[in-house]
Amino acid sequence: VPSYAGIPVTHRGVAASFAVVTGHEDPDKAESSHNWPQLATAVDTLVFLMGVENLPHITQKLIENGRPGTTPAAVIRWGTKPEQRVLVTTVATAAADVAAAGLTPPAIFLVGDVVRLRDSLAWFDTRPLFGKRIVVTRARAQASALTERLEQLGATVREVPAIAIEAPDSYEPLDNAIADLAEYQWLIFTSVNGVDAFFGRLRAAGKDARALYGTKVVAIGAETAVRLERQGITPDVVPFEFRAEGIWEALAPQVAPGQKVLLPRAAVARDFLPNKLREAGLHVDVVSAYQTVIDTSCGEELNAALAVGAVDMVTFTSSSTVTNFLSLLGNDAESLQGVKLACIGPVTAETCYQYGLEPDIIADEFTIPGLVEAITAYYKEA
């Protein structure tokens, strides 16, 4: 509808004038304050606020005072909200059409030829994810990047962080590695969390990015690379495939036996990469830079939403989000019946398979933009 917050847009002379009118006057008033003869014929566009329940009276008064029953009209419920519904009708049929459609307040009633521009000016409910209710399970501090992209495409996003990022049980191994940083030829980061934790401890030791002089830095994923650049470090290697297998393929031609590798990462993670490096003759120090724990803060909200069918899709951005998400459900995967599952990549998808879940979407590019693109393509094809 050519309106914002209920205010019509003048377009090519369709509406030279408009009036905003209450559609729900005080029922105790002796008589209406509306000048129906003037409203009906002297104003191009009429916007009635809170008028859904009084539509029979409003439309009757308009027609009695000269407004043709064939005048285009529209009822907009929850305008510019993800729940928006628009019913295009006429003044004569509006009351019956609204009753048949089951539209209830809050809504506005828009009258005038400007309604004819509905299709050409529609911008909100034509977005590719309009009306889709999607759960984001990333840690709260990181959820915004995915949430914002999904909302820009029209989705209603519910943030249900399944994981929280905390300090490891001890920073001593990481601090010791930082003290001997000059001994390492390679420094590998597998997540933005690893970058943040490492540089936090680097600063705590009175050092900065200059301490990495002579050490080659590897980043898994575009987000990790960007986070490193914010610290003044341009990664020497960013694998094309954003997972451990991709790092190994990129590193294999460049590493040499006897070199030392520092891998600051989550306390619990896959061992594929360190095992491959050790098999190639390198000395690998894997140190805990942070740990992921289950976040139960939104468990009740999640279960309530699933119980009433208020979730269309759940997104998973790591294996731990899958594991912890199921814990929030009491490991009852049955509650996900009919809910689509979207995974950021094959490793996360494999964790779903291990729990008997069948992902509907596995992103080809293992990044947040790649996941959003895959979700958009899925609904477009559907």
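This is a predicted model: local features need pLDDT of at least 70, side-chain atom pairs count only at pLDDT 80 or more; totals for chains, interfaces and linings use all residues.
Where does methionine 50 lie? Methionine 50 sits in the loop between β4 (45-49) and α2 (55-64).

**Surface patch**
- Methionine 50 counts as exposed, because its relative accessibility is 59% and the cut-off for exposed is over 50%.
- Together with Phe18, Val20 and Leu49, Met50 makes a nonpolar surface patch of about 370 Å².

**Helix α14**
- Helix α14 takes in residues 368-381, 14 residues in total, and reaches 20 Å from first C-alpha to last, close to the 20 Å expected at 1.5 Å a residue.

**Serine 191**
- You'll find serine 191 in the loop between β11 (186-189) and α7 (192-204).
- Serine 191 is buried: its relative accessible area is 14%, and buried means under 20%.
- Its side chain makes a polar contact of 2.9 Å with the side chain of tyrosine 290.
- Setting aside neighbours within four places in sequence, serine 191 touches Ile220 and Thr224 as well as Tyr290.

- The proline 105 to proline 106 peptide bond is cis, with omega near 5°.
- Proline 106 belongs to the loop between α3 (94-101) and β7 (107-111).
- Tryptophan 78 isn't a glycine, yet it has a positive phi of about 50°.
- That tryptophan 78 lies in the loop between β5 (72-77) and β6 (85-90), and with a relative accessible area of 35% it is partly exposed.
- Asparagine 331 is another non-glycine with a positive phi, about 55° here.
- Look for asparagine 331 in the loop between α12 (319-328) and β16; it is exposed, with a relative accessible area of 56%.

**Salt bridges**
- The structure holds eleven salt bridges, and here are a few of them.
- Arginine 158 and glutamate 301 pair up through their side chains at 3.1 Å, N to O. That pair links distant parts of the chain, 143 residues apart, with arginine 158 in strand β9 (residues 156-159) and glutamate 301 in helix α11 (residues 299-307).
- Arginine 210 and aspartate 208 meet at 2.8 Å, N to O. Arginine 210 is exposed at 69% relative accessibility, whereas aspartate 208 is partly exposed at 32%.
- Aspartate 285 and lysine 260 form a salt bridge at 4.0 Å, N to O. Aspartate 285 is in strand β14 (residues 283-294) and lysine 260 in strand β13 (residues 260-266), so this bridge ties together parts 25 residues apart in sequence.
- Aspartate 285 is partly exposed, with a relative accessible area of 28%, and lysine 260 is partly exposed too, at 21%. Salt bridges with shared partners bring Glu183 into one network with Lys260 and Asp285.

Note on methods
Residues are numbered from 1 along each chain as its sequence is written. Side-chain values use heavy atoms; hydrogens and water are left out. Helices (H or I, at least four residues) and strands (E, at least two) are DSSP runs, numbered from the N terminus. The expected span of a helix is 1.5 Å times one less than its number of residues. Patches are made of residues with over 30% relative accessible area and no salt bridge: like charges are joined within 9 Å, nonpolar side chains (Val, Leu, Ile, Met, Phe, Trp, Tyr) within 5 Å. Accessible areas come from the Shrake-Rupley method with a 1.4 Å probe; for residues, only the protein chains shown count as cover. Buried means under 20% relative accessible area, exposed over 50%, partly exposed in between (1.4 Å probe, protein chains only). A polar contact is a pair of N or O atoms within 3.5 Å; within protein, one must be able to donate a hydrogen and the other to accept it, and residues adjacent in sequence count only if both atoms are side-chain atoms. Contact means heavy atoms within 4.5 Å.
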